[in-house]
Amino acid sequence: MRLIDADKIIDSLGNSDMDFAIGAVIDEQPTAFDVDKVINELKRDKFIESECILSDVHQGYNAGLSRAVEIVKGGGVE
């Protein structure tokens with residue numbers, strides 16, 4: 001399975017009635033994942049720095065989560 005940009009596919013179809021019907025079918029398909037929900041979950045798991053001094057391990061964990069958020073926001077494409 002791979003993720004696709006449904007909006008780009010719908011835009012490329014044109015404006016005929018058949019293309020509109022195909023676009024409607026594409027829109028009805030479930031999303032593989034919701035980017036905003038994934039980002040919120042990753043941010044929620046971070047250790048809050050203001051509550052205590054974080055160890056190197058906790059700082060590394062937070063750095064890893066921050067990097068994961070960047071990757072998800074970027075769509076995993078460089």
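Axes are lines fitted to C-alpha atoms, for helices over the stretch in contact, and angles between them run from 0 to 180 degrees between N-to-C directions. Two packed helices are described by the angle between their axes and the distance between the axes.

This is a predicted model, in which local features need pLDDT of at least 70 and side-chain atom pairs count only at pLDDT 80 or more, whereas totals for chains, interfaces and linings use all residues. Residues are numbered from 1 along each chain as its sequence is written, and side-chain values use heavy atoms, with hydrogens and water left out.

## Overall architecture

The chain has four helices and zero strands, where helices (H or I, at least four residues) and strands (E, at least two) are DSSP runs numbered from the N terminus. Along the sequence the pattern reads α-α-α-α. Buried residues account for 12% of the 78 residues in the chain; buried means under 20% relative accessible area, exposed over 50%, and partly exposed in between, with a 1.4 Å probe and protein chains only.

A contact means heavy atoms within 4.5 Å. Of the contacts in the chain between residues at least 6 apart in sequence, 38% join residues at least 24 apart.

## The α1 and α2 pair

Helix α1 (residues 6–13) packs against α2 at an angle of about 170°, with the axes 9 Å apart. The two helices are therefore roughly antiparallel to each other, a description applied to angles over 145 degrees, while those under 35 count as roughly parallel, 65 to 115 as roughly perpendicular and the rest as oblique. On the α1 side the contact is made by A6, I9, I10 and L13, and on the α2 side by D19, I22, G23, I26 and D27. The residues of this contact of α1 with α2 divide into six nonpolar, one polar and two charged. In this division Ala, Val, Leu, Ile, Met, Phe, Trp, Tyr, Cys and Pro count as nonpolar, Asp, Glu, Lys and Arg as charged, and the others, Gly among them, as polar.

D19 lies in helix α2 and counts as buried, at 19% relative accessibility. Leaving aside neighbours within four places in sequence, D19 is in contact with L13 and G14. A24 also has its place in helix α2 (residues 17–27), but counts as partly exposed at 30% relative accessibility.

## The α3 and α4 pair

Helices α3 and α4 pack at an angle of about 175°, with their axes 9 Å apart. That makes α3 roughly antiparallel to α4. The contact involves V35, V38, I39, L42 and K43 of α3 together with L65, A68, V69, V72 and K73 of α4. The residues of this contact of α3 with α4 divide into eight nonpolar, no polar and two charged.

The largest nonpolar core consists of five residues: I39, L42, L65, V69 and V72. A nonpolar core is a set of buried Ala, Val, Leu, Ile, Met, Phe, Trp, Tyr and Cys residues joined through side-chain atoms within 4.5 Å. Both α3 (35–44) and α4 (56–74) supply at least two residues of this core, and α4 gives the most, with three residues. In soluble globular proteins, nonpolar side chains tend to be buried together.

V69 touches I39, L42 and K43, not counting residues up to four places away in sequence. V72, in helix α4, counts as buried at 19% relative accessibility. With residues up to four places away in sequence not counted, V72 touches F33, V35, V38, I39 and L42.

## The loop between α3 and α4

K46 is placed in the loop between α3 and α4 and counts as partly exposed, at 29% relative accessibility. Not counting residues up to four places away in sequence, K46 touches N62, L65 and S66. A63 is found in helix α4 and counts as partly exposed at 46% relative accessibility.

## C-alpha separations

| Pair | Separation along the chain | C-alpha to C-alpha distance |
|---|---|---|
| A24 and I10 | 14 residues | 8.7 Å |
| A63 and K46 | 17 residues | 8.9 Å |
| K46 and G64 | 18 residues | 9.4 Å |
| V72 and I39 | 33 residues | 7.2 Å |
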